[in-house]
Amino acid sequence: FPRGRSSDLVEEARSYELYSNGLRIDTRYTVGNGRRSYPVYRKDTLELEGWQTGPVGIIFHTTESNIAPFEAKQNKRLRRVGRWLLEYVQKKRAYHFIIDRFGRVHRVVRETDTANHAGYSIWADAKHVYVNLNPSFIGISFEAQSDRTANGPPITPAQAHAAKVLTEMLRSRYGIAAENCVTHAQVSVYSR
């Protein structure tokens, strides 16, 4: 492996990317959705400071999809449901990444583009305020349900590991501060 940061791209093929931290991203479902561009407001005055095009944060989601029990006898069903989920997310351009129940990372919307994941949302870090976070934040969703009573824990150990190495790569690549890695519940603004 070449020397460098712990999350450098070391191999790229037609259907995947491999990083030096062990992250493997399946790229077969990757689509575009319009380039990032968003306003940035000063936190102290709420005045427009300017426009940016690179991601400034990460929002973690759960798909809330119908999940089969995570058991060996359900593998065929888990794979089929996972494929349907990826096709649906691709059609809706809903997230940048999906981490399936097996811990596999799938890129859906290119990181340079906006994904439809945050809805009405707001976040402030130490210096800036961001509104309607689709263009400013990367969306990562776990194939999971947030209700712990549904079919076991909300995410698998493999998903937790995949999220760690994916987040490490994204934070390194884009200079994303830890304070800007949040859950959807932290940024969502309910509106009727």
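Start by selecting Ile58, whose place is in strand S6; strands here are DSSP runs of E with at least two residues, helices are runs of H or I with at least four, and both are numbered from the N terminus. Before going further, note that this is a predicted model, in which local features need pLDDT of at least 70, side-chain atom pairs count only at pLDDT 80 or more, and totals for chains, interfaces and linings use all residues. Residues are numbered from 1 along each chain as its sequence is written, and side-chain values use heavy atoms, with hydrogens and water left out.

**Stop 1**

Is Ile58 buried or exposed? Ile58 is buried, because its relative accessible area is 0%. For the whole tour, buried means under 20% relative accessible area, exposed means over 50%, and partly exposed lies in between (1.4 Å probe, protein chains only).

Next, select Ile140 and Leu166, the residues with the most contacts inside the largest nonpolar core, which has 19 residues. A nonpolar core is a set of buried Ala, Val, Leu, Ile, Met, Phe, Trp, Tyr and Cys residues joined through side-chain atoms within 4.5 Å. Helix H2 gives the most, with 6 residues. As a general remark, nonpolar side chains in soluble globular proteins tend to be buried together.

**Stop 2: a network of salt bridges**

Show the side chains of Glu17, Arg107, Glu111 and Arg173, which are linked in a network of salt bridges. A salt bridge here is a side-chain nitrogen of Lys or Arg within 4 Å of a carboxyl oxygen of Asp or Glu, and the structure holds 8 of them.

Zoom in on Glu17 and Arg107, whose side chains meet at 3.0 Å, N to O. Glu17 lies in strand S2 (residues 16–19) and Arg107 in strand S8 (residues 105–107), so the pair ties together parts that are 90 residues apart in sequence. Both Glu17 and Arg107 are buried.

Then move to Arg173 and Glu111, where the closest N and O atoms of the salt bridge are 2.9 Å apart. Arg173 sits in helix H2 (residues 157–174) and Glu111 in the loop between S8 and S9, so this pair joins parts that are 62 residues apart in sequence. Arg173 is partly exposed, with a relative accessible area of 36%, while Glu111 is buried at 6%.

**Stop 3: Arg35 and Asp113**

Select Arg35 and Asp113 for another salt bridge, this one at 3.7 Å, N to O. Arg35 is in the loop between strand S3 (24–26) and strand S4 (38–42), and Asp113 is in the loop between S8 and strand S9 (122–124), so the pair ties together parts that are 78 residues apart in sequence. How do the partners sit? Arg35 counts as exposed at 61% relative accessibility, whereas Asp113 counts as buried at 1%.

**Stop 4: two surface patches**

Switch to a surface view and pick Lys76, Arg77, Arg80 and Arg83, which gather in a patch of positive charge. Patches are made of residues with over 30% relative accessible area and no salt bridge; like charges are joined within 9 Å, and nonpolar side chains (Val, Leu, Ile, Met, Phe, Trp, Tyr) within 5 Å. Lys and Arg count as positive, and the place of a charge is taken as NZ of Lys or CZ of Arg. Arg77 is found in helix H1 (residues 75–92) and is partly exposed, at 34% relative accessibility.

Now pick Tyr120, Ile122, Val131 and Val189, a nonpolar surface patch with about 350 Å² of accessible area together; accessible areas come from the Shrake-Rupley method with a 1.4 Å probe. Tyr120 lies in the loop between S8 and S9 and is exposed, at 55%.

**Stop 5: positive phi angles**

Finish on the backbone. Leu46, in the loop between S4 and strand S5 (48–52), has a positive phi near 60° without being a glycine. Leu46 is exposed, with a relative accessible area of 56%. Arg93, in the loop between H1 and S7, also is not a glycine and has a positive phi of about 50°. Arg93 counts as partly exposed at 26% relative accessibility.
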